[in-house]
Amino acid sequence: MNMITMLIDDDEIFIMMSKRMMESSQFDEQPLAFTGGKSALDYLEQNYSENTAYIMFLDINMPQMNGWEFLNAIEGFADPSNTFVFMTTSSIDDEDIARAGENTLVVKFLSKPVLSETFAQLKEEPKISHFFKN
Amino acid sequence: MALKGNVPIIALTGYSDLNFATRSISSGLSDYLIKEDLTPTILYKSVVYNIERYRYIKTIKESERRYSDLFQLSPIPMWVYDIETLRFLDVNQSAIRHYGYSKEEFLSMTIMEIRPEEEIAKLEEAIRNSKEKENHYFEGEFRHKNKSGREMIVDIRSNPINYGDRKAEVVLAHDITERVLHERTIEKQNEKLKDIAWIQSHVVRAPLARMMGLIKLLTDHAVPEGSEEEYLQHILNSAYELDEIIRELAGKTRQIKDKSEIE
């Protein structure tokens, strides 16, 4: 099963940073970047395949379609067996953390900045670790 | 003849004075006995009976006075109004002080006259409702105005009461203007505080998190060769952004502080 990493964040500096961090931790050399929930949703609606694993780093606070709205939109077709969402946010809001725990697609809640060390640790995360063992 | 004092009086009368004796009862006479029928037993019974009756009447009068004092001396404005004519039937001293009208003025007015015009419809509805229901206890907030035109917010409690032969309502009108204004100020401040709390948890950390990430990349030498300048510029921009947010927060905090100092 091939794996696609999606970075969804309206803050382009975060996207740039996260790409570097993923690179240096050898998490993924070529993640797909989206600057809004809508463009990421469009991509998934056209390309979603049960034979691909999707690892998403999803920002919560975005204009137009925010992280929660994006999750609601993909819940209809995305399956927890091949869709692994990491919620990322720079805010400290207990409500967001509690909400992230309730969603079956959400694996973990990550506080920004997500550093190389964190990406390295995520490679050991039980739900996705098998994608990094070859 | 005015009969007063602390003793019951029993009159002895003949048949010829019967009319006079009957009339005298209403002016304070306790009882009368007809001389021609007088026997020791009748006299004894009348004396004992009238002493007891007098004591009983005294108790009732005291209780009446207590209730009247409760009404008259209540620190909260009270009045009784006729539910048909809406006229004031009685007002207490606190109402006179608080609304600025004399008792005579009050008694020549209807309850419409202590309301600003825009409150009349609301009052009419409240009266309609209380007429429909028997023994209806009512409470609610209304706007009243006193003689000088000053408006106030009052908490009204009212209950039906029979006043003589009139159907009336007894009303307690507690002026809560200051309390309400104070609450409004606090509510506004709370809104601002919520606003600040939201900015604290959602906005402040964004540029900070960005700076933390960028600096980490630079110290780990994980940036492409020659792009250090660009990364430093991003850090600087984030620092400016953070500065602006903190200034905005300080402005909002100052507004709250200024407000509470005026209060």
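Trainee: In which sense do β3(A) and β4(A) pair, and over how many bridges?

Mentor: In this predicted model, β3(A) and β4(A) are paired in the parallel sense, with six bridges between them. Within that pairing, Leu58(A) is found opposite Met87(A) of β4(A).

Trainee: And how many bridges join β1(A) to β3(A)?

Mentor: Seven bridges join β1(A) to β3(A), and these strands run parallel. Met3(A), for instance, has Ala53(A) in β3(A) as its bridge partner.

Trainee: What is the strand order of the sheet in chain A?

Mentor: The order is β2-β1-β3-β4-β5 in chain A, an open sheet of five strands with parallel pairing. β2 (32-34) and β5 of chain A are the edge strands, each pairing on one side only. Neighbouring strands are turned against each other by 20 degrees on average, direction ignored.

Trainee: Which helices lie across β1, β2 and β3 of chain A?

Mentor: α1(A) lies across these three strands and runs at about 145 degrees to β1(A). Helix α2 (residues 37-47) of chain A also lies across β1, β2 and β3, at about 160 degrees to β1(A).

Trainee: Which residues have the most contacts inside the largest nonpolar core?

Mentor: They are Phe27(A), Ile55(A), Phe57(A), Phe86(A), Phe119(A) and Ile128(A), in a core of 29 residues. Elements of both chains contribute at least two residues each: α1 (12-24), β3 (52-59), β4 (83-89), β5 (106-111) and α5 (116-122) from chain A, and α7 (205-219) and α8 (228-262) from chain B. The largest share, six residues, is supplied by α1(A).

Trainee: Which residues does Ile55(A) touch?

Mentor: Leaving aside residues up to four places away in sequence, Ile55(A) touches Met3(A), Ile4(A), Thr5(A), Met6(A), Phe27(A), Phe84(A), Phe86(A), Ile128(A), Phe131(A) and Phe132(A). As general background, nonpolar side chains in soluble globular proteins tend to be buried together.

Trainee: Where in chain A is confidence lowest, and where is it highest?

Mentor: Confidence is lowest in helix α4 (residues 94-102) of chain A, with a mean pLDDT of 79, and highest in β2(A), at 96. For chain A the mean pLDDT is 91, and 99% of the residues reach 70 or more.

Trainee: Changing topic to chain B: how many helices and strands does it have?

Mentor: Chain B has eight helices and seven strands. Of its 263 residues, 35% count as buried. The chain exposes about 17300 Å², of which carbon and sulfur atoms supply 55%. Among its contacts between residues at least 6 apart in sequence, 41% join residues at least 24 apart.

Trainee: What about the pairing in the sheet of chain B, parallel or antiparallel?

Mentor: The pairing is antiparallel, in an open sheet of five strands ordered β4-β3-β7-β6-β5 in chain B. β4 (88-91) and β5 (138-145) of chain B are at the edges with a single partner strand each, so one side of each has no neighbour in the sheet. From one strand to the next, the twist averages 30 degrees.

Trainee: How many bridges are there between β6 and β7 of chain B?

Mentor: Strand β6 (residues 151-163) and strand β7 (residues 166-175) of chain B pair in the antiparallel sense over ten bridges. Ile156(B) stands opposite Ala173(B) of β7(B). Helix α5 (residues 120-132) of chain B lies across β3, β5 and β7 of chain B, at about 150 degrees to β5(B).

Technical notes:
Residues are numbered from 1 along each chain as its sequence is written. Chains are lettered from A and ligands numbered from 1 in the order in which they are written. This is a predicted model: local features need pLDDT of at least 70, side-chain atom pairs count only at pLDDT 80 or more; totals for chains, interfaces and linings use all residues. Side-chain values use heavy atoms; hydrogens and water are left out. Helices (H or I, at least four residues) and strands (E, at least two) are DSSP runs, numbered from the N terminus. Buried means under 20% relative accessible area, exposed over 50%, partly exposed in between (1.4 Å probe, protein chains only). Contact means heavy atoms within 4.5 Å. Accessible areas come from the Shrake-Rupley method with a 1.4 Å probe; for residues, only the protein chains shown count as cover. A nonpolar core is a set of buried Ala, Val, Leu, Ile, Met, Phe, Trp, Tyr and Cys residues joined through side-chain atoms within 4.5 Å. Two strands pair if DSSP finds at least two bridges between them. Axes are lines fitted to C-alpha atoms, for helices over the stretch in contact, and angles run from 0 to 180 degrees between N-to-C directions. pLDDT is the predictor's confidence in each residue, from 0 to 100.
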